Structure formats: C-alpha cells, structure tokens
Amino acid sequence: MDFSDQLETQKSKYKSITVERPIPLQYDLALLAAFDTNALDESRLKNDTDNYLKEYTRDGTQLLINQIFKLPITTSDLGKLAELPEQITVIPREKPLPKLKPPTRWEKFAKAKGIQHRNKNKMIYDEATGEWVPRWGYKGTNGDGANDWLIPVPQNDDPFEDQFSKRREAKKERIAKNEARHRRNIEESEAALNQTKGADARSLRKGELQRQIAISKSATASIGKFDKTLKGELKLKGVKRKFEPSIGDVKKEKELNLNILKKVVGKKGDIVNVRKAIAKRGQ
Amino acid sequence: MRPLTEDETKVFFEKLSKYIGRNIVHLIDRSDETYYFRLHRDKVYYMSEALMRQAISIGRDQLISLGVCFGKFTKSKKFKLHITALDYLAQYAKYKIWIKPNGENTFLYGNHILKAHLGRITDDTPEHQGVVVYSMSDIPLGFGVTARSTVETRKLQPTDIVAFHQADIGEYLREQDTLF
C-alpha cells in the first residue's frame with residue numbers, strides 16, 4: 001500500500017515550518033520577541049492588506065517558535081518546558097550616572113607638576129636615640145625640633161627673645177593657616193559640585209551666611225514676627241517637600257502602612273460588634 | 001510616581017476602611033507578591049513590585065496609568081474612591097447590599113437605591129456605613145453609603161432612599177476619560 005498520497009494531503013493541511021527571510025530576524029527569547037527589519041511588499045500591502053499582514057505575522061511567529069524549539073528543553077510535572085536565555089534588550093537605567101568628584105586643589109597642583117603619590121614608611125629611624133619612631137603623631141619626630149633642650153640664637157637676632165616660644169608661635173600659625181586652607185578646599189569642592197546651579201564658592205558662602213542671619217533673627221520671643229525688616233533683606237524660603245524614593249525599604253514601608261492602619265482602624269475597635277452583641281443579649 | 005506620605009496614607013486608609021475595615025491588611029501584606037500603593041498625578045494606584053520596577057524608568061510626563069487605580073486625591077486633599085477599586089472592595093467588603101433586577105438599571109445610571117429595589121442587606125448594618133452593592137446574582141455593581149441602619153429600613157416607605165449612590169460600573173462608560 002502506498003501512503004505517500006495520504007501523507008501529502010495531511011501535509012498540505014498545515015503550513016510550512018520553514019520560512020525564508022532575506023535579512024535574518026533578531027530575537028530576544030527572554031521576552032518571546034522577534035524583531036523583523038525586512039521591508040514589506042508594498043503592492044501586496046496596498047491591495048490585500050489584511051491577508052498579507054496575517055500571513056506575514058504567521059511567518060514571523062513561526063520563526064520565533066522555531067527558535068524556541070531550538071532551546072534546551074526539560075520535562076517536568078507541568079509538561080515540557082523550554083529554558084529561556086537571559087534578556088538581551090537593555091532597559092535604560094533609572095538615574096543618571098553619578099558625577100565625578102571634582103579634583104582638589106592639591107590634586108590639580110600635583111597633576112600640573114607631575115607629582116606622583118608614593119608610600120612612605122610610617123616609622124623612621126631616629127639617629128640621635130638610635131630608635132625607630134613614628135614619622136608623626138604620638139611619640140613621633142615632627143621634624144621641627146620640639147624636643148630640643150637647647151636652641152642656638154641665630155645671628156643678627158635679638159638675644160633676649162625666647163626662641164622656644166617663637167617656635168611655638170610659628171607652629172600655631174602654620175596650623176591655623178593650614179586649617180584655613182582646608183576650609184577653603186571644602187568650600188571650593190562644594191561649589192564645584194553645585195556648579196550646575198551656577199554657584200561659585202563665594203556666593204555659596206554668602207547664601208549660607210544670609211540663612212544663618214535670618215535664623216538668628218528669629219531668636220526673639222515672637223519668633224521675629226514683629227521685627228522691623230531692613231531694606232533689601234532676604235525672605236527665608238520654606239522647607240522643600242521631600243518624598244520617599246519609589247523603590248525603598250520594602251519592610252519599612254509595609255510596617256509604616258500597618259502602623260497607620262492600626263491607628264485608623266483601632267479607633268473604632270471593630271473586633272467585637274457591640275450593636276450585634278447587645279441585640280443578641282436582648283433576645 | 002511616588003509612595004504616599006504618612007498623611008496621605010492616613011486619609012486613604014480612613015476612606016478605604018469604611019468599606020473593608022481591617023481587611024486592608026490583606027492588600028498590604030500579601031502572600032503571593034509584594035504589592036504597593038503609589039501616587040501618580042494625584043491618583044493612587046495599586047501595583048505589584050515587578051510592574052512598579054518596570055514603570056520606574058518611564059518619566060512622569062510620559063506615564064499615563066499603571067496598575068489598578070483606587071481613586072484620587074481631590075484639591076482639598078480628601079480621597080475619592082473610583083469604581084476601578086470595586087474588585088478589591090467586593091472581595092473584602094464587610095457590609096453588602098443586594099438589589100433586585102428591576103433596580104439594577106436605575107442604580108447603574110447613577111441613582112440612589114430605593115427601598116423598593118432593596119433585595120437583601122447584611123444584618124445589623126449601621127447608618128452611614130460604606131457598603132458594596134451587588135445584583136441578586138452576586139455581581140458587584142458599585143458601592144455607596146447606607147442612609148439608614150438595617151433595623152430602620154424596615155419601617156421605610158418603598159420610595160425612600162436606603163443607600164446613597166457613590167460609584168457604579170456604569171461609570172466605565174460615562175467617565176472613561178478621567179477614570180484611570
């Protein structure tokens with residue numbers, strides 16, 4: 001007996017699973033999506049829109065399903081399952097990239113001069129005592145001869161001047177100067193971070209001072225309500241509203257909601273239906 | 001899109017608890033997936049975490065709607081429940097009213113419920129209590145507020161109002177522009 005005729009008729013009932021496309025499709029199987037960049041046949045699109053689109057879509061879907069059948073397949077209680085690969089399509093990130101920290105004054109200077117950082121040992125050898133001591137800090141040699149028991153008076157200097165106190169004063173001055181520079185660096189780096197708002201270090205500092213003046217003015221019995229205002233005096237702006245981020249702490253949000261719910265529902269105390277209980281009792 | 005502030009949550013829960021009482025817990029603390037209430041353009045939406053994470057990369061101007069809209073905050077910061085929240089209200093409602101088939105149409109056109117149309121009512125429903133309205137075949141039709149308690153309704157005339165209309169599923173057609 002020849003079954004080939006029957007096979008042919010059976011086959012012709014179903015459409016072919018092989019589809020030809022000049023440009024191969026791109027797939028993102030994790031999303032079960034296929035992207036077709038081929039041009040449509042314009043004449044058929046115009047004359048026989050519905051049928052053409054249906055046919056075209058069927059072919060595209062067939063290609064997608066062919067791809068799915070190529071994936072590794074596992075069998076489980078639920079039936080045969082194809083393991084989908086990782087998603088290829090990239091979704092844009094939620095927030096812009098963080099800004100780079102602006103270089104400090106020292107970093108700028110070091111770059112201009114070509115100074116490179118090198119690690120120094122923390123301990124140095126003290127030749128006078130023959131011991132290893134920290135370079136700075138507790139029990140360290142600060143290199144300024146603070147522990148000298150004798151200081152020779154320099155030539156052409158006042159012999160009655162106290163050289164020890166002179167050194168102490170000089171050190172204090174150096175520290176104060178360094179601290180002033182440190183403050184300036186902080187102000188400058190803050191200003192650089194806020195540069196998009198068009199603020200330099202000076203105007204930032206000015207704003208800060210004006211805010212502090214405004215706050216100190218309210219330190220009266222009437223919170224500054226009846227104080228006379230000066231000409232050109234700034235009005236203090238109110239507090240800006242700030243909301244929680246959309247994706248924050250899940251547990252915390254749930255707890256907060258439950259707490260609020262407890263307050264809202266707890267007032268009525270609807271665990272026992274008093275009305276019903278009284279009606280029952282009366283019967 | 002942002003989480004509700006504490007004050008907003010309070011106002012929202014107060015309104016919601018009029019209908020489902022303590023059952024709000026089941027909305028916040030679900031076993032299947034974490035669900036959230038989020039505010040977007042004065043409307044409160046209820047959505048799963050997965051949906052929210054996807055929506056977060058869409059700008060505020062571009063985002064039209066997401067999840068299930070529960071209602072909106074009015075300009076005076078009161079909360080108005082929308083009919084879109086009916087699915088959840090019907091699921092957890094404490095007090096219910098069933099209306100007869102001849103009253104369904106008038107209710108769905110936005111009229112109050114009359115004594116004549118009242119089919120059944122939950123026992124011992126107090127006055128001014130939020131109720132979910134069902135047809136006699138248990139299809140949720142909307143929600144409202146009782147005008148009288150269950151005991152007092154027995155003495156009413158057939159033309160007297162039993163419950164005030166608040167929202168009905170006819171709004172899906174009447175107010176489809178502003179509902180979601």
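1. The side chains of H165(B) and D168(B) form a polar contact at 2.4 Å. A polar contact is here a pair of N or O atoms within 3.5 Å; within protein, one must be able to donate a hydrogen and the other to accept it, and residues adjacent in sequence count only if both atoms are side-chain atoms. The model is predicted: local features need pLDDT of at least 70 and side-chain atom pairs count only at pLDDT 80 or more, while totals for chains, interfaces and linings use all residues. Residues are numbered from 1 along each chain as its sequence is written, chains are lettered from A and ligands numbered from 1 in the order in which they are written, and side-chain values use heavy atoms, with hydrogens and water left out.

2. H165(B) belongs to strand β11 of chain B, residues 161-168. Helices (H or I, at least four residues) and strands (E, at least two) are DSSP runs numbered from the N terminus. H165(B) counts as buried because its relative accessibility is 16%; buried means under 20% relative accessible area, exposed over 50%, and partly exposed in between (1.4 Å probe, protein chains only). Beyond four places in sequence, the residues that H165(B) touches include F107(B), H112(B), F143(B) and R174(B), contact meaning heavy atoms within 4.5 Å.

3. In chain A, M123(A) lies in strand β5, residues 123-126. With a relative accessibility of 38%, M123(A) counts as partly exposed. Leaving aside neighbours within four places in sequence, M123(A) is in contact with W132(A), V133(A) and P134(A). The C-alpha atoms of M123(A) and V133(A) are 5.3 Å apart, although the two residues are 10 apart in sequence.

4. Chain A and chain B together bury about 2,600 Å², of which 63% is on carbon and sulfur atoms. Buried area is the accessible area (1.4 Å probe) that two parts lose on being put together, summed over both. S246(A), I247(A) and L261(A) supply 21% of the area that chain A buries against chain B, more than any other three residues. The contact draws 24 residues from chain A and 29 residues from chain B.

5. Two salt bridges are found across this interface, a salt bridge being a side-chain nitrogen of Lys or Arg within 4 Å of a carboxyl oxygen of Asp or Glu. E253(A) and R38(B) meet in a salt bridge through their side chains, at 2.9 Å from N to O. On the side of chain A that touches chain B, α7 (250-266) and α8 (274-282) are the elements that give two or more residues. The largest share, nine residues, comes from α7(A).
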